[in-house]
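Here is a short report to read beside the sequence and the 3D view. Keep both open as you go.

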Amino acid sequence: MPQELAIGFLPLVDACLPILAQEHGFAEAEGLSLRLVRDMSWATVLDRLLYGHSDAAHMVAPLAIATTLGRGRPAAPLAVPFVLGLNGNAITFRCDVADRICPLPGLGDPNAVGAALAELVRERRTAGRRLRFGVVHRYSSHNYMLRYWLAACGIRPDDDVEIATVAPPFCADALEAGEVDAICVGEPWNSVAVERGAGRIVMASAQIWRRGVEKVLTLRESVLDEKREATEALIRALVAAGRHFVDPANWEANAALLARPEYLDGSAELIRRAISDRLLLARGGEPVHFPDFMFQHREAANFPWVSQAEWLYTQMVRWEGTPFSAEEAARAARVFRPDVYRAALIGTGEPLPGASSKVEGSLSGQTAVGTQQGTITLESNRFFDGIAFDPNDMAGYLERLP
Amino acid sequence: MRIAIIDESAGRAALIGEGLAALDDCELFVVTERRGLVTRIAEIDPDIVLMDLGNPSRDVLEEYFAVSRALARPIAMFVDQSDDEALAAAIDAGVSSYVVDGLAPHRIRPILDLAVRRFQAFSRLQADLAEAKGKLAERETIDRAKRILMDSRGLTEPQAYAELRKAAMNQGKRIIDIAEALVTAHQLMGGK
């Protein structure tokens, strides 16, 4: 009898790995039966996880850290033994704003668009109508990537512009109604907005940080301990699902599957575009190919680098305005569990990095990295401003950031 | 005490509202509209917010509560953090509650308990309704199957029903399964 695990998720394309692991029998091959539990807000996904309705969840990475540190909820230690994907988000502006800051067709250059945006922001601020951005949650990579970019371009979040929370399915509505001037959200919601003529995709989050941590698989620490073997089996099933997901031969079938009412309940066409790294930036245009828009498998993308957790912590305190705490940073770092990932995959063919932490954003080209198993060549993982994050000097890093 | 009930299901919100109306010293506000939710909640300025666990607006609302910490009255999730049982019961029933900081647990507990009971009652009502609808749909399908047999084989209604029953017994299936198969086959064969 397969062991059942309940997995919570939100209807986003990057919830694909658990869904496909179940649908294609990868879970069953590992002795598991996954029951996918669909919800519409991160608060609900989190509550179900905390109170045992689900064993594991698809989650925005910062929320796992925030919850462990007691932000927004009483502290509950969570564990992340697997990264469900990097990037896959975009910033979509209302058409009139997009035309102003990114006049040429195609994706904008983060520096050029940022400069034009800074000018518009100044104008709007003077006129008493600050620009408003919508992100999916305060503890999300969307929020941190957006703020990183704005601040690097001389725009002060919360001061020069407003940043509000908008649930993904309502992003297109919010843009259309003018409740926000731009959204930073995962697919398919940018494409939904474009389809409705409500906005234009101006940048992919991958342009801000080329290999930015996005969604993770989260469990309560106690559940991980209690169901350790099943979790390792789940990791193996998810890796198999990732391999299946990135294979172009499977794009069409997987898009149709994910589009089902019990999963994303959306358009297979839009999902297929996202899976194949193609984005329709504006209604009536031609899709552009943006390689690695979504990144679920290659280059050990699922490895939970401790440095990723540490970067997220630095951004959390940066925008909270709380002082950096080495003790909290250490607790945040422990949320990511490369040890569990290794234990699950040792002896399989999967590449395993030798280190558990790295300098983030230090690579501008192909670099072979030391491995415990297999080979890994990492491609550029730069931040657009060229600043690298060394987890050995988090306080210094924070001081250097605008 | 000002209590806001946020629920996109007007029926369920009414059920809870009805229960709470009996309480002394409680002013109730029901919000079913998603648009303008934060503005409305700011206007109401509630002491307690009751909301269905799966409401899509929870992230937006929690963000508002987090921001309002910096302003007037901070709002904490749930009642008494140490009361695990009450929290678990609430989550199981599908209720999430947000309470103004400093409100005494003994004032909040009866309200939360009532909300939990009402949510559970609503779930049962929905399950009953689904069952009734299911039965009604089954009744209609069986009637159609009987009609098909009566028209094509010149049977009376009791004879048609007997045929369905016989087939069900022979095949070890339910009458509704036989009826559905017959209706589907009839449609595929070009019938109406």
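The report below covers the basis of the model, the interface, the sheets and a few local details.

## Basis of the model

This is a predicted model, in which local features need pLDDT of at least 70, side-chain atom pairs count only at pLDDT 80 or more, and totals for chains, interfaces and linings use all residues. Residues are numbered from 1 along each chain as its sequence is written, chains are lettered from A and ligands numbered from 1 in the order in which they are written, and side-chain values use heavy atoms, leaving out hydrogens and water.

## Where the chains meet

Contact means heavy atoms within 4.5 Å. By that rule, 20 residues of chain B touch 23 residues of chain A. The size of an interface is often given as the accessible area lost when the parts come together. Buried area is that loss for two parts, found with a 1.4 Å probe and summed over both. Chain B and chain A bury about 1,800 Å² between them, with 54% of it on carbon and sulfur atoms. In chain B, the residues that lose the most area to chain A are B:Pro56, B:Asp59 and B:Glu63. Together they make up 31% of what that side buries.

A salt bridge is a side-chain nitrogen of Lys or Arg within 4 Å of a carboxyl oxygen of Asp or Glu. The rule finds 5 salt bridges across this interface. B:Arg34 forms a salt bridge with A:Asp173, and their closest N and O atoms are 3.4 Å apart. Polar contacts are pairs of N or O atoms within 3.5 Å; within protein, one must be able to donate a hydrogen and the other to accept it, and residues adjacent in sequence count only if both atoms are side-chain atoms. Across the interface, 10 residue pairs are in polar contact, both residues at pLDDT 80 or more.

Helices (H or I, at least four residues) and strands (E, at least two) are DSSP runs, numbered from the N terminus. Helix 3 (58-68) and helix 4 (84-93) of chain B each supply at least two residues of the side that touches chain A. The largest share, 7 residues, comes from helix 3 of chain B.

## A sheet of five strands

Strands of a sheet pair through backbone hydrogen bonds, either parallel or antiparallel. Here, two strands pair if DSSP finds at least two bridges between them. In chain A, 5 strands form an open sheet in the order 7-6-8-5-9, with mixed pairing. Strand 7 (162-165) and strand 9 (200-204) of chain A stand at the edges with a single partner strand each, so one side of each has no neighbour in the sheet.

Strand 6 (residues 132-135) and strand 8 (residues 182-186) of chain A pair in the parallel sense over 3 bridges. A:Val135 has A:Cys184 in strand 8 as its bridge partner.

## A sheet of six strands

Chain A also has an open sheet of 6 strands, in the order 2-1-3-10-4-13, again with mixed pairing. Which strands stand at the edges? They are strand 2 (32-38) and strand 13 (294-295) of chain A. Strand 3 (residues 56-60) and strand 10 (residues 213-220) of chain A pair in the antiparallel sense over 4 bridges. A:Met59 stands opposite A:Val216 in strand 10.

## Local details

A cis peptide bond joins A:Glu187 and A:Pro188, with omega about 10 degrees. A:Pro188 sits in the loop between strand 8 and helix 9 (189-195) of chain A. A:Asp265 is not a glycine, yet has a positive phi of about 50 degrees. A:Asp265 lies in the loop between helix 12 (251-258) and helix 13 (268-275) of chain A.
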